[in-house]
Amino acid sequence: MASEAQIQARILLAIGSLDGIYVERRNAGAFMGVGGMVRAGVAGVADILCVVNGRAVALEVKTATGRLSADQRRWRAAWESAGGFYEVVRSPHDALKAIRWVRNETQPDALE
């Protein structure tokens with residue numbers, strides 16, 4: 001099974017080549033700095049943020065069995081309450097389907 005990092009790299013390649021879309025990879029977590037532990041980013045932030053047709057889109061990359069953490073569920077709720085589109089994606093196909101949904105305003109399941 002592909003790792004989350006491998007899936008994420010494939011997704012970034014797939015959607016990064018699309019015209020008219022802004023794509024940004026987000027990082028959050030903790031690491032050891034010169035003065036000790038350093039926190040970076042907002043807890044729960046989605047892995048990939050995009051702007052598609054003027055709409056804010058967040059893509060959370062997961063493996064086939066991966067689940068959202070409590071922080072990720074809270075971040076998703078805040079994002080969606082502000083009008084953003086949020087989708088958990090497990091493959092480049094899932095990510096492209098979400099982008100097409102935002103562009104076409106049709107239900108993702110109808111795009112299979």
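Residues are termed buried under 20% relative accessible area, exposed over 50%, and partly exposed in between (1.4 Å probe, protein chains only). The model is predicted, and local features need pLDDT of at least 70, side-chain atom pairs count only at pLDDT 80 or more, and totals for chains, interfaces and linings use all residues. Residues are numbered from 1 along each chain as its sequence is written, and side-chain values use heavy atoms, with hydrogens and water left out.

Helices (H or I, at least four residues) and strands (E, at least two) are DSSP runs numbered from the N terminus. Helix α1 spans residues 4-16. Its 13 residues reach 17 Å from the first C-alpha to the last, close to the 18 Å expected at 1.5 Å a residue; the expected span is 1.5 Å times one less than the number of residues. Buried positions in α1 are I7, Q8, I11 and I15. Viewed down the axis of α1, these buried residues fall within an arc of 100°, so they line one face of the helix. The arc is that of the directions from the helix axis to the C-beta atoms. A5 and L13 are exposed on the other side of α1. The buried residues of α1 pack against β1 (21-25), β4 (48-52), β5 (55-61), β6 (85-89) and α3 (92-104), where contact means heavy atoms within 4.5 Å.

Helix α2 covers residues 70-81. Its twelve residues reach 17 Å from the first C-alpha to the last, close to the 16 Å expected at 1.5 Å a residue. Q72, W75 and W79 are the buried residues in α2. They cover an arc of only 65° around the axis, which puts them on the same side of α2. Exposed residues R74 and S81 are carried by the face of α2 turned away from its buried side. The cover over the buried residues of α2 includes β4, β5 and β6. After α2 comes G83, whose phi is positive, near 100°.

R76 also lies in α2 and is partly exposed, with a relative accessible area of 28%. Apart from neighbours within four places in sequence, R76 is in contact with L68 and Y86. R76 and S3 are 73 residues apart in sequence, and their C-alpha atoms are 22 Å apart in space.

Side chains of opposite charge can pair when their charged atoms come close. A salt bridge is defined as a side-chain nitrogen of Lys or Arg within 4 Å of a carboxyl oxygen of Asp or Glu. By this rule the model has four salt bridges. One of them joins R25 and D47, with the closest N and O atoms 3.9 Å apart. R25 lies in strand β1 and D47 in the loop between β3 (36-40) and β4, so the pair ties together parts that are 22 residues apart in sequence. R25 is partly exposed at a relative accessible area of 32%, whereas D47 is buried at 10%.

A salt bridge also links the side chains of K62 and E60, at 3.8 Å from N to O. K62 is buried, with a relative accessible area of 8%, and E60 is buried at 0% relative accessibility.

Within α2, R74 and D71 are three residues apart and separated by about one helical turn. Their side chains meet in a salt bridge of 2.4 Å, N to O. R74 counts as exposed at 53% relative accessibility, while D71 is partly exposed, with a relative accessible area of 33%.
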